[in-house]
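Here are some notes to go with the model you asked me to look over. Please keep it open beside you as you read.

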Amino acid sequence: MLIARSAALFVLAALFEIGGAWLVWQGVREHRGWAWIGAGVIALGVYGFVATLQPDAEFGRILAAYGGVFVAGSIAWGMAADGYRPDRWDVIGALICLAGMAVIMYAPRSR
């Protein structure tokens, strides 16, 4: 249950961070305006809050592990929002990052 909660929080954090960055990108690079930029800034702030809800108390571990989720999530976001088609190396790289995340976050540790 603890791993499922943690994984769900990582996914939620990724949605807010990647979505927020995408909104800012759209507002600036695609000239969609300040409303998009503002929504992106708010989403990025929510991401920062969601990250604090992880059950592990080690900031460095959480952020390092989240990096793997961010990589895979960014590729998935690009596919869904922008029609990006990853090649096999993108997919392999993302899987390696997710494996690293799992080791960092969920490996058994002595307390």
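Predicted model: local features only at pLDDT ≥ 70, side-chain atom pairs only at ≥ 80, totals over all residues.

1. Let's start with helix α4, which covers residues 88–106. Its 19 residues should span 27 Å at 1.5 Å a residue, and the end C-alpha atoms are 26 Å apart, which agrees.

2. Which residues of α4 are buried? They are A94, M101 and M105. Viewed down the axis of α4, these buried residues fall within an arc of 15°, so they line one face of the helix. That face packs against two other helices, α1 (2–29) and α3 (59–82). On the other side of α4 you will find R88, W89, L95, I96 and V103, which are exposed.

3. Next, the loop between α2 (34–51) and α3, where D56 is placed. Is D56 buried or exposed? With a relative accessibility of 18%, D56 counts as buried, because the cut-off for buried is under 20%. Its side chain reaches the backbone nitrogen of E58 at 2.7 Å. Setting aside neighbours within four places in sequence, D56 is in contact with R61, I62 and M105; M105 is also one of the buried residues of α4.

4. Y66 deserves a point to itself. This tyrosine lies in helix α3 and is buried, at 5% relative accessible area. Not counting residues up to four places away in sequence, Y66 touches F10, A13, A14, E17 and Y47. With E17 there is also a polar contact between the side chains, at 2.6 Å. Y66 and L98 are 32 residues apart in sequence, while their C-alpha atoms are 9.0 Å apart in space.

5. Now to the rings: how many aromatic pairs does a search of the whole structure find? The search finds five. One of them is Y47 with Y66: the ring centres are 5.4 Å apart and the planes are at 35°, so the pair is tilted. Y47 lies in helix α2 and Y66 in helix α3, so this pair ties together parts that are 19 residues apart in sequence. Y47 is itself buried, with a relative accessible area of 14%.

6. Y66 also pairs with F70, again in a tilted arrangement, at 6.2 Å centre to centre and 55° between the planes. These two residues are four apart in helix α3, so about one helical turn separates them. F70 has 33% relative accessibility and counts as partly exposed. Taken together, ring pairs link F10, Y47, Y66 and F70 into a cluster.

7. One last item for your viewer is R32 and W36. The charged end of R32 sits over the ring of W36, at 4.7 Å from the ring centre.

Definitions and conventions
Residues numbered from 1 in each chain as written. Heavy atoms only, no water. Expected span 1.5 Å × (residues − 1). Buried < 20%, exposed > 50% of the residue type's maximum accessible area, 1.4 Å probe, protein only. Arc of directions from axis to C-beta. Contact = heavy atoms within 4.5 Å. Polar contact = N/O pair within 3.5 Å; in protein donor to acceptor, adjacent residues only side chain to side chain. Phe/Tyr/Trp six-rings, centres within 6.5 Å; stacked < 30°, edge-to-face > 60°. Lys NZ or Arg CZ within 6 Å of the ring centre and 35° of its normal.
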